[in-house]
Every structure is written in C-alpha cells, then in structure tokens.
Amino acid sequence: LGLMMVGLGGNNGTTVAAAMYAKKHSLEWQTRAGTHVSNFKGSLTQCGTFRVGTSSEGGTDVYSPLSSLVPMVNPDDMPVSGWDISGRNLADAIDSAQVLEPDLRKKLRPLVDKVVPLPAAFDTDFIADNQLPRADNLIPGQKQEQLEQLRRDIRNFKEAQGLDEVVVIWTANSERYSQEIEGVNDTSENLLKAIQSNHPEVSPSTLYAVASILEGAPYVNGSPQNTLVPGCVKLAEELQVFICGDDFKSGQTKMKSVLVDYLIGCGVKVKTMVTYNHLGNNDMYQLTDQVMWKPKSAAKSKVIEDLVEANEVLYPDDEKPDHVVVVKYVPFLGDSKRDVSEYTSETFLDSHYTMIMHNECLDSALCAPLIIDLAVLCELFQRIRVKVEESDEFKSMHPVLSALGFFMKIPKTPGEEPIVNALNRQRACIENLVKALVGLPPESHLLLPTKCQA
C-alpha cells in the first residue's frame with residue numbers, strides 16, 4: 001500500500017510524512033522533557049484496543065490491539081508521495097510548518113530534503129487569494145490535461161514503488177463550494193464531459209477524486225468542500241472504488257460529538273453551544289477568506305444534528321440548540337490551536353448546567369494519525385466481502401465508505417443510510433465490523449449471564 005496526499009507540503013502532509021519517516025528509521029529526539037521515540041499515538045489502528053471477551057479466570061475483560069485482530073498494513077512499510085502547489089522540498093516544508101521539535105527536524109532533514117511534491121492541479125477560483133504567492137508548482141494546461149497528469153502520477157508512483165494499492169487523501173486547504181448543476185456534475189458521464197470542456201465549476205479536488213477513481217485508488221476528502229458531487233459518487237459506484245468524506249474530525253468537533261451525546265443521553269437538554277478557537281497555520285490563514293470559511297462553518301455546525309433529532313422528548317417540533325462557531329487567525333501561534341467551548345444546558349426543573357472547556361494542541365498532530373488510519377482501513381476494507389441475508393453471494397462493501405464516519409465531521413453515506421455523528425456509535429461500527437471478520441460477536445455490553453441468578 002502507498003499513500004498519496006494532496007497537500008503533501010502543508011502542515012498535515014508534512015507531519016504525516018515526517019512521522020512515517022521517523023518511525024521507519026526509529027528516530028529519537030531530545031526536548032527539555034527528555035528523550036522521545038517515534039510513535040503513532042492518536043491512531044486507532046496502531047494504538048487502539050477492542051474488548052474481545054471475558055477471562056475464564058477472574059471474569060476480567062480481555063482486550064486486543066486492533067492491529068493484531070486482522071492482517072493490516074504496517075504504516076512503517078507505506079511509501080508516501082503527493083502533490084502540492086508549493087514546490088519546496090519536504091525538509092524545508094517541515095521547517096516552515098513549525099510543528100515538530102528542532103532536534104527531530106534536524107534528524108529528518110537528510111532523509112527528506114530530496115523529496116519534492118509533484119506539481120498540483122490548481123484553479124484560482126477555488127482558493128483564497130492569500131494562497132497565490134506560494135503557488136509555484138502547478139500542472140499546466142486545462143482540466144482534462146490536469147486530470148490525465150494526475151492519473152499518470154498515480155500510475156507512476158504505483159509502478160515505481162511496486163505497489164498493489166494506492167490510497168489518495170486530500171489534506172490540502174479547503175476550497176469554496178462547487179455549484180451542483182444539472183447537466184454538468186450530476187452524472188458520471190456529464191462530469192467527465194464537463195472536465196473535457198474545462199467547465200468552471202469542476203474544482204481541483206474533484207479532479208483528484210475522479211483521477212483516483214479512474215485509477216482504482218480509494219479517495220478520501222479530508223476537507224469540507226463538496227468534492228464528491230453527485231457525478232463523482234456515481235462514477236465511484238459504477239467503477240466500484242471507495243470514496244470517503246467529508247472533513248477530518250479531530251479536535252474540538254470530535255469532543256463536541258462526545259459531549260453532546262453524553263448530555264442528551266443523560267436526559268439533559270443542551271440549549272447553547274458556543275465554541276471559539278484560534279491558531280496561526282496556513283489552513284487558518286486560508287479561512288480568513290469568508291467564501292472559503294463557509295464550507296468549514298457548515299461542517300462544524302452539522303456535527304450534532306442526529307444527536308438532537310434522536311430525542312423528541314427534549315427537542316419537540318424540530319427545536320435545536322443555539323450553536324455558534326467562531327475561528328480566528330493568530331499568526332504568532334502557528335499550528336498551536338487554542339479553543340474555548342461553553343455548553344449551557346437545562347437539567348432538573350429547568351436549572352442551568354454550564355460547562356466550559358479550554359484545550360491547547362498542535363492541530364496537525366491531531367489530524368496526522370487520522371490520515372494514517374484512513375489509509376490503512378481503506379486498504380483493509382477493500383479485502384472484505386459481505387453477504388447479506390437476502391443474497392446468495394459475497395460482495396464488496398458499498399463504494400461510499402460510511403463505515404469510516406468515525407474520522408469525518410460530515411460522514412458521507414450511501415443512499416438512504418442515516419448519518420451518524422455520535423463518536424461512540426461510529427467507533428462501535430468499526431469495532432463490530434472487525435470482530436465479525438474474526439468470528440467474534442458484536443459488542444453489546446449486556447453481559448447477561450452475570451446479571452442473572454444461577
């Protein structure tokens with residue numbers, strides 16, 4: 001398996017690539033806190049455990065690492081490539097991101113200073129003007145020519161590295177929304193014709209998705225724009241290639257999907273959610289453009305919808321909590337993200353219950369393990385065949401890979417499948433699917449035998 005990232009030279013891309021090079025070469029580095037060893041903490045596939053049963057001696061729960069339950073790709077063995085609108089080598093891009101410790105950056109430099117991103121597809125209409133000064137590494141020509149070059153890039157990487165599979169993940173900046181137009185991007189045939197005619201509403205991210213699908217490579221949309229327009233989804237369904245979206249769920253939004261689930265699950269009525277965060281990396285710089293901020297705002301706001309709709313006792317007549325999301329660009333902080341969240345709820349006899357949280361983190365260090373997990377699980381799920389009760393044959397999973405909604409703010413689902421945002425339910429989906437592969441029953445937490453009299 002190989003990983004190709006759109007935005008290889010950005011904060012997320014460089015952090016993922018740096019971690020994989022560091023782990024592969026067993027790098028250690030010094031900080032004032034001591035010696036640190038390369039690891040993939042924060043990764044569900046590499047550090048997560050699932051309960052597999054109960055010990056016959058003492059009745060204690062038995063847990064197993066996810067990576068040991070079924071055969072999975074080891075990220076140490078996964079070569080990395082990708083595209084970026086900036087042509088800086090990976091070492092300089094890592095320095096510019098200012099995510100990693102200086103000693104680690106120094107040790108990585110001789111390993112990555114010859115790694116240069118591939119030229120990228122680009123359209124000034126889909127990106128903020130403040131990104132134009134760094135756009136010096138672009139694929140020339142119109143959209144059909146760019147599509148053909150992206151397909152060659154995927155094939156060349158696959159051949160050069162001797163790979164069986166490639167997963168392509170968009171981790172570049174957010175784009176503006178594409179207009180979804182009948183006759184342009186509503187069917188696979190129309191979308192391919194729109195690319196050939198250089199239609200202005202075909203975004204660069206959709207070009208990457210189409211190129212990946214045509215090359216049989218799963219595609220993950222890690223940003224909130226509507227890359228996966230109806231014609232793109234239909235192309236994936238016709239060619240039976242996985243697609244997954246939209247927008248990585250990593251920090252404040254992931255916490256929100258846990259906390260609101262907890263409160264409503266306890267019968268507490270959330271009335272207001274006001275979340276504020278600020279940081280100074282290039283992704284946030286892009287979002288100072290209000291057109292680019294619109295998709296991100298929508299993604300952050302939709303993450304609790306199913307949780308609220310699930311309780312008509314607390315929220316009758318389509319009532320919803322007040323939900324405000326504010327982000328600010330503060331250059332001095334770089335990738336260090338700060339967020340403050342206030343939740344005010346009504347509890348017994350309408351008394352108020354307010355919780356305030358403050359978090360500080362490296363934004364890219366939260367996103368990076370998600371990218372690794374998505375690549376590993378896309379490859380795993382390609383090997384799965386499922387037989388439902390009404391069928392006599394085993395089939396692959398649906399191309400719209402909703403099982404990976406755990407990693408997404410706005411999970412893309414096939415057909416009439418409802419969207420699930422509650423993090424525990426999303427994790428249980430992955431857990432029970434993996435358990436089914438090895439013949440274990442799904443997790444129910446009922447433990448009925450111990451709750452009954454002998």
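Tutor: We start with the general idea: a pocket is an open set of grid points with protein on both sides within 12 Å along at least five of seven lines, and its lining residues have an atom within 4 Å of a point. The model here is predicted, and its largest pocket is lined by 40 residues, of which Thr 15, Val 99, Leu 100, Leu 362 and Ala 365 lie nearest the centre.

Student: What volume does the largest pocket have, and which element gives the most to its lining?

Tutor: The volume is about 1,000 Å³, and helix 1 gives the most to the lining, with five residues. By class, the lining has 19 nonpolar, 15 polar and six charged residues.

Student: How do the axes of helix 1 and helix 5 cross?

Tutor: Angles of 65 to 115 degrees count as roughly perpendicular. The axes of helix 1 (residues 11-24) and helix 5 (residues 102-112) come within 10 Å and cross at roughly 85°, and the two helices are therefore roughly perpendicular to each other. Where they meet, Ala 18, Tyr 21 and Ala 22 of helix 1 face Leu 104, Leu 108, Leu 111 and Val 112 of helix 5, a contact with seven nonpolar, no polar and no charged residues.

Student: Is Leu 150 buried or exposed?

Tutor: Buried means under 20% relative accessible area. Leu 150, which lies in helix 6 (residues 143-161), has a value of 0% and is therefore buried. Leaving aside neighbours within four places in sequence, Leu 150 is in contact with Trp 83, Ala 121, Ile 139, Leu 207, Tyr 208 and Ala 211.

Note on methods. Residues are numbered from 1 along each chain as its sequence is written. This is a predicted model: local features need pLDDT of at least 70, side-chain atom pairs count only at pLDDT 80 or more; totals for chains, interfaces and linings use all residues. Side-chain values use heavy atoms; hydrogens and water are left out. Axes are lines fitted to C-alpha atoms, for helices over the stretch in contact, and angles run from 0 to 180 degrees between N-to-C directions. Helices (H or I, at least four residues) and strands (E, at least two) are DSSP runs, numbered from the N terminus. Angles under 35 degrees count as roughly parallel, over 145 as roughly antiparallel, 65 to 115 as roughly perpendicular and the rest as oblique. Contact means heavy atoms within 4.5 Å. Ala, Val, Leu, Ile, Met, Phe, Trp, Tyr, Cys and Pro count as nonpolar, Asp, Glu, Lys and Arg as charged, and the others, Gly among them, as polar. Buried means under 20% relative accessible area, exposed over 50%, partly exposed in between (1.4 Å probe, protein chains only). On a 1 Å grid over the protein atoms alone, a cavity is a set of points where a 1.4 Å probe fits but cannot get out, and a pocket is an open set with protein on both sides within 12 Å along at least five of seven lines; lining residues have an atom within 4 Å of a point. Grid points are joined across faces, edges and corners, and a volume is the space filled by probe spheres set on the points.
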